[in-house]
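Please read the following explanation alongside the sequence and the coordinates. It goes from ring pairs to the nonpolar core and then to one helix.

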Amino acid sequence: MNTKEIQFKQLFEENKDRVFRICCSYVQSSQNRDDLFQEIFTNVWKNLGSFRNESHVNTWIYRISINTAINYCRLQNNNDKRCQEIKQDILSDEDAKLARKTILEKEIKIMFDTINRLPVLEKSIISLVLEGLDHAKIAEITGISEGNVRVKFHRIKKKLKQMMEEQKNEL
Amino acid sequence: MNFEALSKKYKELKSPTKNTDGFLGNEEQNTSFLNILQTQEADAKRKYKRMYILYAIGAVGYLGIFIINTDPDLTIRNRIAGTCFIIAFVILSVLSRKRFSEIKRSSFLDSQKQFLQNARKSYLFWNKQQIWLVPVLLFVNAGATFSVSNHFGNLNILTGVFLFQAAFWCLLGIGFYMGKREWTKKKEAILKKIEAMLLEFEQ
């Protein structure tokens, strides 16, 4: 196994859960989620040569993940349906049966359904906040100012709260 | 809504994919994810290498046949036509090379805003870089005119050139119209979506 393969496997092990969560924020059907997951790691492999600074691994992975997700969902006409499958139940994924029994609770499902309905920038900001990234890192990944991230985050928080409550009531 | 609690719950979500072999097969079958990636990469490299070799052979070949060739049957018109084609060919090669390095320098590492701005550029029907296609077209036109002028026969040279120019620009117009129609069908909607997304970043 060469250095590139070792590095890739290590990055995969360390980041597969992060990437999976980003996938869940953008697409919800298991088939599309798996496709997107694979597409993100394909781009990780292709860009491995540009990965130098290990301290910035999170930013690096998130940038690739979010840009790939946008590309997957929005930039191709025939892929539009991929991101509109928000009604499909994340809990119905056979591959995740084992995990979901304990992890995917109702609230998580509602949260992903709600996040999935947000516009692209809001979706990215909220996903990254939930991942625990600070505003400076989010600004770096999205390309907007830190102040703007802060303002938008407060707006999204309110919006998300309202949307989640509506969703809960619907259920 | 407690964001910290929500974030904690969110982070509990784990990927069902255990390892890199889990994507498409296993290493024994030689169809693991890594193997597929490596094959794709090698294929792409081979494809571009082949393309450059073809360009080089084409340029040198044209140079030899139309410019350096001492054959007395080769008229001055043929030589001028060959020169025009070579210039157009060189410009196209440089443009292709530039485009290739742009693709190679993957924009997936850019910020989200920059990524969308780049995507917007690539989905425009016309962008500044394409201005280089104008001299290419003019050289091809000039080359083709000189080349065809050997076969005008009884036609007056001016009439011949006029007829050829009319046919050339008509065909180009049809091509442009078809290209525009194809772009409207396939790309315009995506461009509008990208522009709507970019608007979010400006607000």
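**Aromatic pairs, core and a helix**

Over all chains, the count comes to 10 aromatic pairs, where rings of Phe, Tyr and Trp (its six-membered ring) pair if their centres lie within 6.5 Å, and planes under 30 degrees apart count as stacked, over 60 as edge-to-face and the rest as tilted. The model is predicted, so local features need pLDDT of at least 70 and side-chain atom pairs count only at pLDDT 80 or more, while totals for chains, interfaces and linings use all residues. Residues are numbered from 1 along each chain as its sequence is written, chains are lettered from A and ligands numbered from 1 in the order in which they are written, and side-chain values use heavy atoms, with hydrogens and water left out.

One of the pairs is A:F8 with A:F41: the ring centres are 6.1 Å apart and the planes stand at 90 degrees, so this pair is edge-to-face. A:F8 belongs to helix α1 (residues 3-26) of chain A and A:F41 to helix α2 (residues 30-46) of chain A, so the pair ties together parts 33 residues apart in sequence. Helices here are DSSP runs (H or I, at least four residues), numbered from the N terminus. A:F8 counts as buried because its relative accessibility is 0%, and A:F41 is buried as well, with a relative accessible area of 0%. The terms are set with a 1.4 Å probe on protein chains only: buried is under 20% relative accessible area, exposed over 50%, and partly exposed in between. Ring pairs link A:F8 and A:F41 with A:F12, A:F37 and A:W45 into a cluster.

The 69 residues of the largest nonpolar core include A:V44, A:W60, A:M111, A:I125 and A:I126, which touch the most other members. Such a core is a set of buried Ala, Val, Leu, Ile, Met, Phe, Trp, Tyr and Cys residues joined through side-chain atoms within 4.5 Å. Helix α3 (residues 57-73) of chain A supplies the largest share of this core, 10 residues. In soluble globular proteins, nonpolar side chains tend to be buried together.

Which residues does A:M111 contact, leaving aside neighbours within four places in sequence? They are A:L130, A:M164, B:L6 and B:Y10, contact meaning heavy atoms within 4.5 Å. B:Y10 also touches A:S127, as do A:I22, A:S25 and A:I115, not counting residues up to four places away in sequence. A:S127 is in helix α6 (residues 120-130) of chain A, and counts as buried at 1% relative accessibility.

In chain B, the helix to follow is α6. Its 30 residues should span 44 Å at 1.5 Å a residue, and the end C-alpha atoms are 43 Å apart, which agrees; the expected span is 1.5 Å times one less than the number of residues.

Two lysines of chain B lie over rings. The charged end of B:K180 sits over the ring of B:F125, 4.8 Å from its centre, and B:K187 lies over the face of B:Y123, at 5.7 Å from the ring centre. The rule asks for NZ of Lys or CZ of Arg within 6 Å of the ring centre and within 35 degrees of the ring normal. B:F125 itself is partly exposed, with a relative accessible area of 23%.

Methods:
Helices (H or I, at least four residues) and strands (E, at least two) are DSSP runs, numbered from the N terminus.
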